[in-house]
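Welcome! Take a look at it first, and then read on.

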Amino acid sequence: MLARTYQSRSLLQTLGRSSWFGRTMPVLGHRSQSTISSSSSSAAAVTDAVDVAAASIDDQGLLASSHIRHHTRDDTPLRMLILGAPGAGKGTQSSRIRKSFDITAISSGDVLRRNIAQQTPAGLRAKESVARGELVSDDIIVELIRAELNTISGSWLLDGFPRNIAQAQALDTMLKGTGQPLNAVVNLVVPEEVILNRIIERYVHVPSGRVYNLTYNPPRVPGFDDVTGEPLEHRPDDNPESFKRRLQQYHALTEPLLEYYDKSSILTSFAGSTSDIIYPQLYRFLDERFE
């Protein structure tokens with residue numbers, strides 16, 4: 001099948017200057033079974049998608065209605081992963097999706113923090129790993145995600161897991177064991193320079209994981225969490241040098257992951273420099289699946 005693109009024509013040259021975008025889009029562009037954002041040569045074939053991506057959300061009426069779509073067209077719950085580099089806007093897109101579609105958003109980081117706080121058996125094991133300065137094992141994370149998914153009967157999207165092939169295989173084994181395999185993987189492709197600016201201006205409420213940005217999502221009271229009033233923190237490694245190292249590590253792990261999901265024909269990538277450009281693409285993608 002020819003790749004569908006969800007991309008604004010006006011962004012093609014800008015995005016092409018990003019080193020990650022420039023490396024990734026040619027890699028994705030040759031694929032025949034995934035629906036992906038490609039290069040400018042494919043833009044002419046997808047005028048409708050380009051127009052949607054280039055238009056503002058309000059102009060498309062995506063926020064004009066408070067109606068939430070509950071049912072997929074084939075009555076099969078959507079089981080979706082959302083991938084993207086740190087700072088690509090996964091949390092922002094998840095929040096916007098839930099305003100229009102009845103999809104439960106699951107953040108692996110939130111699940112881990114909650115289980116540690118509640119001192120569940122898996123949470124206690126995870127706490128021991130964290131206390132030793134170790135990464136939480138795949139087995140523990142999969143156990144936590146399994147328990148979380150067992151509480152959900154409808155559609156869901158998972159953010160933050162898996163991060164590598166071994167985790168993806170463990171997740172697939174777990175889901176297929178319940179007869180509920182993944183049926184969608186979305187990947188957010190944002191230029192590195194845009195992500196870097198977001199990271200530099202990012203502040204976090206550590207206990208809850210709530211993230212703020214000084215430009216597009218500032219706290220109501222500067223320096224303090226909107227919900228608890230507690231101080232926000234700027235991560236020591238949210239700086240250009242550390243970010244570049246983290247991004248290199250992310251790409252090294254994620255490129256094989258994209259190949260893995262592409263082989264299952266469930267991968268779609270969305271490109272843009274702002275959340276307002278990417279969200280209409282996501283909306284159309286989901287609109288095709290919900291009544």
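Helices here are DSSP runs of H or I with at least four residues, strands are E runs of at least two, and both are numbered from the N terminus. Counted that way, the chain has twelve helices and seven strands. Please keep in mind that this is a predicted model.

**The chain as a whole**
- The chain has 291 residues, and 46% of them count as buried.
- Among contacts in the chain with a separation of 6 or more, 76% are between residues 24 or more positions apart.

**A cis peptide bond**
- Phe-161 and Pro-162 are joined by a cis peptide bond, with omega at about 5°.
- To find the spot, look for the loop between strand 3 (155-159) and helix 9 (165-177), where Pro-162 lies.

**Positive phi outside glycine**
- Gln-119 is a residue other than glycine with a positive phi, near 55°.
- You will find Gln-119 in the loop that runs between helix 6 (108-118) and helix 7 (121-131).
- Gln-119 has 51% relative accessibility, so it counts as exposed, given that exposed means over 50%.
- Ser-265 also has a positive phi without being glycine, and its value is near 60°.
- The loop that holds Ser-265 lies between helix 11 (240-262) and strand 7 (267-271).
- Ser-265 counts as partly exposed because its relative accessibility is 38%, which falls between the 20% limit for buried and the 50% limit for exposed.

**Where helix 6 meets helix 8**
- Helix 8 covers residues 138-149, and its axis comes within 10 Å of the axis of helix 6, with a crossing angle of roughly 95°.
- Helix 6 is therefore roughly perpendicular to helix 8, since angles of 65 to 115 degrees count as such.
- On the helix 6 side, the contact is made by Ser-108, Val-111, Leu-112, Arg-114 and Asn-115.
- On the helix 8 side, Ile-141, Leu-144, Ile-145 and Glu-148 take part.
- Sorted by class, this contact between helix 6 and helix 8 has five nonpolar, two polar and two charged residues.

Conventions:
Residues are numbered from 1 along each chain as its sequence is written. This is a predicted model: local features need pLDDT of at least 70, side-chain atom pairs count only at pLDDT 80 or more; totals for chains, interfaces and linings use all residues. Side-chain values use heavy atoms; hydrogens and water are left out. Buried means under 20% relative accessible area, exposed over 50%, partly exposed in between (1.4 Å probe, protein chains only). Contact means heavy atoms within 4.5 Å. Axes are lines fitted to C-alpha atoms, for helices over the stretch in contact, and angles run from 0 to 180 degrees between N-to-C directions. Angles under 35 degrees count as roughly parallel, over 145 as roughly antiparallel, 65 to 115 as roughly perpendicular and the rest as oblique. Ala, Val, Leu, Ile, Met, Phe, Trp, Tyr, Cys and Pro count as nonpolar, Asp, Glu, Lys and Arg as charged, and the others, Gly among them, as polar.
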